[in-house]
Amino acid sequence: MRLLPGWPEHQTFIEYYFSLFIVFLLTCTAEFCSKYPIRPVQKDRRLVAVISCSALQALKMFMTYLAIVAVVATDFIFFLVAVAGHAVGNFIAGLYQYHIDEAEATLYNDYY
(Lines give C-alpha, C1' and ligand atoms only; values in the text may rest on other atoms or scores of the structure.)
Protein backbone atom coordinates (compact mmCIF):
# COMPACT_ATOMS: atom_id res chain seq x y z
CA MET A 1 0.00 0.00 0.00
CA ARG A 2 1.37 3.39 -0.96
CA LEU A 3 1.41 6.42 1.31
CA LEU A 4 -0.18 8.67 -1.32
CA PRO A 5 -2.68 6.81 -3.54
CA GLY A 6 -2.45 7.84 -7.16
CA TRP A 7 1.07 9.19 -6.71
CA PRO A 8 4.08 7.21 -8.01
CA GLU A 9 6.12 5.59 -5.23
CA HIS A 10 9.45 6.98 -6.45
CA GLN A 11 8.36 10.64 -6.18
CA THR A 12 9.28 12.73 -3.11
CA PHE A 13 7.01 14.85 -0.93
CA ILE A 14 8.56 18.02 -2.38
CA GLU A 15 7.51 16.93 -5.87
CA TYR A 16 4.05 16.09 -4.50
CA TYR A 17 3.56 19.51 -2.91
CA PHE A 18 4.97 21.26 -5.97
CA SER A 19 2.43 19.38 -8.10
CA LEU A 20 -0.34 20.46 -5.72
CA PHE A 21 0.84 24.06 -6.09
CA ILE A 22 0.82 23.77 -9.90
CA VAL A 23 -2.75 22.42 -9.89
CA PHE A 24 -3.82 25.24 -7.55
CA LEU A 25 -2.15 27.80 -9.80
CA LEU A 26 -3.73 26.30 -12.94
CA THR A 27 -7.25 26.34 -11.53
CA CYS A 28 -6.86 29.77 -9.92
CA THR A 29 -5.64 31.27 -13.19
CA ALA A 30 -8.31 29.47 -15.22
CA GLU A 31 -11.04 30.84 -12.96
CA PHE A 32 -9.59 34.36 -13.11
CA CYS A 33 -9.42 34.15 -16.92
CA SER A 34 -13.06 33.08 -17.08
CA LYS A 35 -14.11 36.20 -15.15
CA TYR A 36 -11.67 38.68 -16.73
CA PRO A 37 -13.59 41.58 -18.32
CA ILE A 38 -12.78 42.27 -21.96
CA ARG A 39 -14.67 45.22 -23.34
CA PRO A 40 -14.07 46.82 -26.72
CA VAL A 41 -13.37 50.48 -26.04
CA GLN A 42 -13.72 51.75 -29.58
CA LYS A 43 -15.73 50.53 -32.52
CA ASP A 44 -12.64 49.76 -34.60
CA ARG A 45 -11.17 47.65 -31.75
CA ARG A 46 -13.90 44.99 -31.74
CA LEU A 47 -11.80 42.55 -33.77
CA VAL A 48 -9.00 42.86 -31.24
CA ALA A 49 -11.49 42.19 -28.43
CA VAL A 50 -12.86 39.11 -30.20
CA ILE A 51 -9.36 37.72 -30.79
CA SER A 52 -8.35 38.48 -27.20
CA CYS A 53 -11.49 36.85 -25.84
CA SER A 54 -10.93 33.75 -27.98
CA ALA A 55 -7.30 33.46 -26.90
CA LEU A 56 -8.26 33.89 -23.25
CA GLN A 57 -10.97 31.23 -23.60
CA ALA A 58 -8.48 28.81 -25.18
CA LEU A 59 -6.00 29.45 -22.38
CA LYS A 60 -8.71 28.93 -19.76
CA MET A 61 -9.80 25.64 -21.31
CA PHE A 62 -6.21 24.42 -21.63
CA MET A 63 -5.52 25.10 -17.95
CA THR A 64 -8.84 23.61 -16.84
CA TYR A 65 -8.38 20.36 -18.76
CA LEU A 66 -4.78 20.07 -17.63
CA ALA A 67 -5.98 20.40 -14.03
CA ILE A 68 -8.69 17.79 -14.69
CA VAL A 69 -6.07 15.34 -15.95
CA ALA A 70 -4.01 15.95 -12.81
CA VAL A 71 -7.03 15.43 -10.56
CA VAL A 72 -8.15 12.24 -12.32
CA ALA A 73 -4.64 10.77 -12.33
CA THR A 74 -3.96 11.41 -8.65
CA ASP A 75 -5.85 11.51 -5.36
CA PHE A 76 -8.60 13.38 -3.52
CA ILE A 77 -6.17 16.01 -2.21
CA PHE A 78 -5.62 17.22 -5.78
CA PHE A 79 -9.38 17.57 -6.17
CA LEU A 80 -9.60 19.70 -3.02
CA VAL A 81 -6.68 21.84 -4.14
CA ALA A 82 -8.32 22.35 -7.55
CA VAL A 83 -11.59 23.44 -5.92
CA ALA A 84 -9.67 25.81 -3.64
CA GLY A 85 -7.87 27.22 -6.68
CA HIS A 86 -11.18 27.93 -8.40
CA ALA A 87 -12.52 29.61 -5.26
CA VAL A 88 -9.45 31.82 -4.85
CA GLY A 89 -9.42 32.69 -8.56
CA ASN A 90 -13.08 33.68 -8.41
CA PHE A 91 -12.42 35.80 -5.31
CA ILE A 92 -9.47 37.58 -6.94
CA ALA A 93 -11.49 38.22 -10.10
CA GLY A 94 -14.32 39.60 -7.98
CA LEU A 95 -11.95 41.97 -6.18
CA TYR A 96 -10.47 43.04 -9.50
CA GLN A 97 -13.91 43.73 -10.95
CA TYR A 98 -14.92 45.60 -7.79
CA HIS A 99 -11.92 47.92 -8.13
CA ILE A 100 -12.65 48.48 -11.83
CA ASP A 101 -16.27 49.35 -11.03
CA GLU A 102 -15.18 51.71 -8.24
CA ALA A 103 -12.70 53.47 -10.53
CA GLU A 104 -15.30 53.84 -13.27
CA ALA A 105 -17.86 55.19 -10.79
CA THR A 106 -15.32 57.70 -9.47
CA LEU A 107 -14.49 58.85 -12.99
CA TYR A 108 -18.17 59.14 -13.83
CA ASN A 109 -18.91 61.14 -10.66
CA ASP A 110 -15.92 63.42 -11.23
CA TYR A 111 -16.98 64.03 -14.82
CA TYR A 112 -20.59 64.92 -13.97
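**Buried residues and annotated spans in a predicted model**

UniProt, in an unreviewed entry, places the feature "transmembrane region" at residues 16-34, 46-70 and 76-96; such annotations may be inferred rather than shown by experiment, and the positions follow the numbering used here, with feature names shortened. This is a predicted model in which local features need pLDDT of at least 70 and side-chain atom pairs count only at pLDDT 80 or more, while totals for chains, interfaces and linings use all residues. Residues are numbered from 1 along each chain as its sequence is written, and side-chain values use heavy atoms, with hydrogens and water left out.

Reader: How far apart do the end C-alpha atoms of residues 46-70 lie?

Author: Helices are DSSP runs of H or I with at least four residues, and strands are runs of E with at least two, numbered from the N terminus. The span 46-70 is 100% helix and 0% strand, and its end C-alpha atoms lie apart by 36 Å.

Reader: Is Thr-27 buried or exposed?

Author: Thr-27 lies in helix 1, residues 13-35. Buried means under 20% relative accessible area, exposed over 50%, and partly exposed in between, with a 1.4 Å probe and protein chains only. Because its relative accessibility is 2%, Thr-27 counts as buried.

Reader: How many disulfides does the structure hold?

Author: A disulfide is a pair of cysteine sulfur atoms within 2.5 Å. The sulfur of Cys-28 has its closest cysteine sulfur in Cys-33, 9.6 Å away, which is too far for a bond. The number of disulfides in the structure is zero.
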